[in-house]
Amino acid sequence: GQVPPEIRLDLLEAGRRRDQEEVRRKIAEYEAAKPKDDPLARFDEAQAGGDAAAGRKVFNQKIAVACVRCHKVNGQGGEVGPDLSGIGAAHDRRYLLEAIVAPSRQIAPGFETRVVATDDGRVHVGVLRSEDGESVKLVTPDGAPLTIPKSTIEEQRRGESAMPDDIIGNLSKFELRDLVEFLAQRRATAATAKGKP
């Protein structure tokens with residue numbers, strides 16, 4: 001029969017540790033049947049069954065992914081990326097999974113990055129905060145504001161997401177699943193987002 005999505009990852013990982021040829025063959029068939037053109041397919045099992053409390057620890061404490069450095073939840077965290085206090089109310093789990101696994105596929109409005117080359121030979125990268133006839137204002141990856149006079153700009157283009165594409169390389173599938181669950185449960189409205197993180 002169908003395996004409930006909440007325990008699919010647990011079953012797969014337990015099966016991988018078994019030394020039975022039949023179990024390994026079934027897992028290989030399952031993986032081979034996943035669509036090759038969908039970057040989320042190999043992480044499909046991480047959409048359901050996570051532990052939100054464990055996901056909170058990943059978000060706040062796992063230095064290798066540093067979520068809290070760029071993202072706020074309930075008033076705490078950085079401002080380079082979108083505030084995630086109500087992300088679970090706004091988006092489904094597949095969107096959350098995609099945002100972690102392939103962050104450049106859908107960049108949140110207001111968080112477009114720019115790559116700007118200036119006439120002193122330097123290249124600046126940051127999240128675009130505003131632009132007028134005089135200057136381009138960015139926020140750099142470390143959260144610092146940067147104003148670049150347009151008279152000094154030689155070239156500029158839209159960049160990838162400011163969120164690194166390799167974050168997934170620093171998370172186990174179980175950590176990914178817990179993080180998705182934590183984010184799926186962030187349903188604060190703007191009025192309540194200043195409360196407990």
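Reply: In this predicted model, the side chain of H124 makes a polar contact with the side chain of T118 at 3.3 Å, a term for N or O atoms within 3.5 Å, one able to donate a hydrogen and the other to accept it, with residues adjacent in sequence counted only for two side-chain atoms. Residues are numbered from 1 along each chain, and side-chain values use heavy atoms, without hydrogens or water. Local features need pLDDT of at least 70 and side-chain atom pairs 80 or more, while totals for chains, interfaces and linings use all residues.

H124 belongs to strand β4, residues 123-131, where strands are DSSP runs of E with at least two residues and helices runs of H or I with at least four. Because its relative accessibility is 12%, H124 counts as buried (under 20%; exposed is over 50%, partly exposed in between, with a 1.4 Å probe). Apart from neighbours within four places in sequence, H124 is in contact (heavy atoms within 4.5 Å) with R114, V115, V116, T118, L146 and I148.

Strand β3 covers residues 113-118 and holds T113, which is buried at a relative accessible area of 3%. The T113 side chain reaches the backbone oxygen of E160 at 2.3 Å. Again setting aside neighbours within four places, the contacts of T113 include G126, V127 and L128, and also R157, R158, G159, E160, S161 and A162.

From the strands we can turn to the helices. The buried residues of α6 are Y95, L96, L97, E98, I100 and V101, and their cover includes α5 (87-90) and α7.

The ring centres of F59 and F182 are 5.4 Å apart and their planes stand at 50°, so the pair is tilted (centres within 6.5 Å; under 30 degrees is stacked, over 60 edge-to-face, the rest tilted). F59 sits in helix α3 (residues 52-61) and F182 in helix α7, so the pair ties together parts that are 123 residues apart in sequence. Both F59 and F182 are buried.

The largest pocket holds about 730 Å³ of space, a pocket being an open set of points on a 1 Å grid where a 1.4 Å probe fits, with protein on both sides within 12 Å along at least five of seven lines, and lining residues having an atom within 4 Å of a point. Of the 37 residues that line the largest pocket, H71, G81, P82, A99 and M163 are the closest to its centre. Two or more lining residues come from each of α4 (67-70), α6 (93-101) and α7 (173-184), and α6 gives the largest share, four residues.

The second largest pocket has a volume of about 230 Å³, and V3, R8, L11, L12, G15, V23, K26, I27 and Y30 form its lining. Here the elements that give two or more residues are α1 (5-16) and α2 (21-32).

Notes. Points joined across faces, edges and corners; volume = space filled by probe spheres on them. Phe/Tyr/Trp six-rings, centres within 6.5 Å; stacked < 30°, edge-to-face > 60°.
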